[in-house]
Amino acid sequence: MDRLAIIGGRPLFGEIAISGAKNSALKVMAASLLTDETLTITNVPRLADVDMLLKLLERHGVEAAFEGSRLELTAAAITSTEAPYDLVRKMRASFNVLGPLVAREGKARVSLPGGCAIGARPVDLHLKALSAMGASIDLDEGYVVAEAKNGLHGAKIDFPFVSVGATEHAMLAATLARGRTVLANAACEPEIGDLADCLVAMGARIEGAGSSTIEIEGVDRLRGAHHEVLPDRIETGAYAMAAGVAGGELLLRNGRLDLLGAAVGALEEAGLSIAEAEGGIRVKRACDRCRAVNIVTQPFPGFPTDLQAQFMALMATAEGASQIKETIFENRFMHAPELARMGASISVDGQTATVRGVKRLKGAPVMATDLRASMSLVLAGLGAEGQTIINRVYHLDRGFERLEEKLQACGALIERVSG
Ligand code: EPZ
């Protein structure tokens with residue numbers, strides 16, 4: 001199994017090109033199931049998760065051509081409406097094929113994803129939305145069997161709390177439903193707007209995406225289109241934090257401040273200067289040592305849960321004590337004990353972690369359980385004294401495109417060790 005070896009202590013100077021957003025690309029890819037024409041998606045990151053969804057789409061009959069970051073998907077005919085356990089279990093976003101399959105074919109059998117390292121992550125809201133649109137939902141040996149023989153119909157769906165995945169899923173399905181669907185308390189994450197833009201280019205009628213009420217007027221059919229995926233806000237935030245941990249100055253090419261929400265204020269308060277520049281975002285550590293800042297993870301535009309682990313790495317060497325509260329997932333502090341192995345002082349009490357900044361972390365062999373937690377260890381390693389070895393690199397390969405290459409180009413001593 002591959003590992004990453006990092007020798008810390010070198011400031012980062014240079015330019016990092018931000019890739020297309022993984023969490024947007026995955027949902028946009030699922031939209032290809034809604035039309036028999038070709039959906040061309042550009043700025044698609046080459047990531048393990050993208051390959052996994054591609055495999056699943058191909059099982060459903062989608063023909064794919066992937067060149068560089070341009071992906072062409074054609075679902076001329078759906079050859080199977082079943083999504084097997086093996087493919088859904090490894091990546092939860094695969095579950096989002098359910099709605100499009102039911103909307104187009106009137107039925108689907110999709111494995112339930114099961115729990116994951118950061119929390120139980122049920123899909124009850126996804127199923128409630130489809131059921132409100134007229135699908136019958138049954139469970140059979142771990143599979144969701146959904147049917148809408150006469151097609152889906154519009155519905156008023158009031159989400160009890162904000163769910164990115166359920167909002168996207170309902171929006172995908174509603175595009176081909178009869179009549180009007182209203183999604184209340186919808187998620188406002190930038191990926192929702194990006195998916196809506198793609199669907200509208202395909203002929204869908206959607207209003208309000210990006211706000212908490214989304215209205216979708218179903219149409220009879222969708223057509224092929226071209227869509228460019230928006231830049232990855234989590235990758236942007238993570239590299240901005242890398243400059244905070246290691247010091248230096250980076251131009252994050254294609255990065256957009258408006259996608260970062262409350263993370264911008266938190267980074268500024270911590271002592272980073274971060275501003276729009278020609279071609280992206282310029283970020284630099286404006287002081288010798290960052291300052292402690294309290295954060296609470298919230299739906300967009302609040303501080304994103306997907307940057308919480310990386311922010312903890314930044315706070316590990318900040319001056320003072322910070323409190324980090326995680327409100328989205330119930331088990332998203334698995335990186336804390338690993339950071340502690342590097343000398344961080346972190347105590348976790350329920351959903352709140354208190355981080356008392358130390359002057360310097362020390363390199364150590366560490367291991368992470370999920371994508372963003374792994375990235376927090378990379379950041380910690382970049383700032384630490386000596387060598388850090390990060391095991392289970394496959395987590396990083398799921399969500400950070402060409403990570404070592406991008407960091408090496410800015411002066412980091414980081415390399416992949418095979419075996
Ligand atoms: C998306 O997950 C992202 N994944 C996550 O990124 C991200 O952390 C999350 O949104 C929040 O921003 C993808 O887009 C592929 P939710 P999603 O539904 O849609 C609960 C990463 O590292 N819930 O907004 O699954 C759920 O358990 C990943 O890239 C229900 O209870 O998140 C969680 O506590 C990790 N029932 C909360 O809602 C449901 O039916 C918010 O989850 C659905 C969700």
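Let's start at leucine 112, which sits in the loop between β7 (107-111) and α5 (124-132); helices (H or I, at least four residues) and strands (E, at least two) are DSSP runs, numbered from the N terminus. Keep in mind that this is a predicted model, where local features need pLDDT of at least 70, side-chain atom pairs count only at pLDDT 80 or more, and totals for chains, interfaces and linings use all residues. Residues are numbered from 1 along each chain as its sequence is written, and side-chain values use heavy atoms, with hydrogens and water left out.

Setting aside neighbours within four places in sequence, leucine 112 is in contact (heavy atoms within 4.5 Å) with residues including Tyr85, Phe95, Leu139 and Tyr143.

Now hop over to histidine 335, in helix α11 (residues 335-341). Histidine 335 has 2% relative accessibility, so this residue is buried. Its side chain makes a polar contact with the side chain of glutamine 308, at 2.9 Å. Such a contact is a pair of N or O atoms within 3.5 Å; within protein, one must be able to donate a hydrogen and the other to accept it, and residues adjacent in sequence count only if both atoms are side-chain atoms. Beyond four places in sequence, histidine 335 also has Ala309, Met312, Ala373 and Ser376 among its contacts.

Conventions. Buried < 20%, exposed > 50% of the residue type's maximum accessible area, 1.4 Å probe, protein only.
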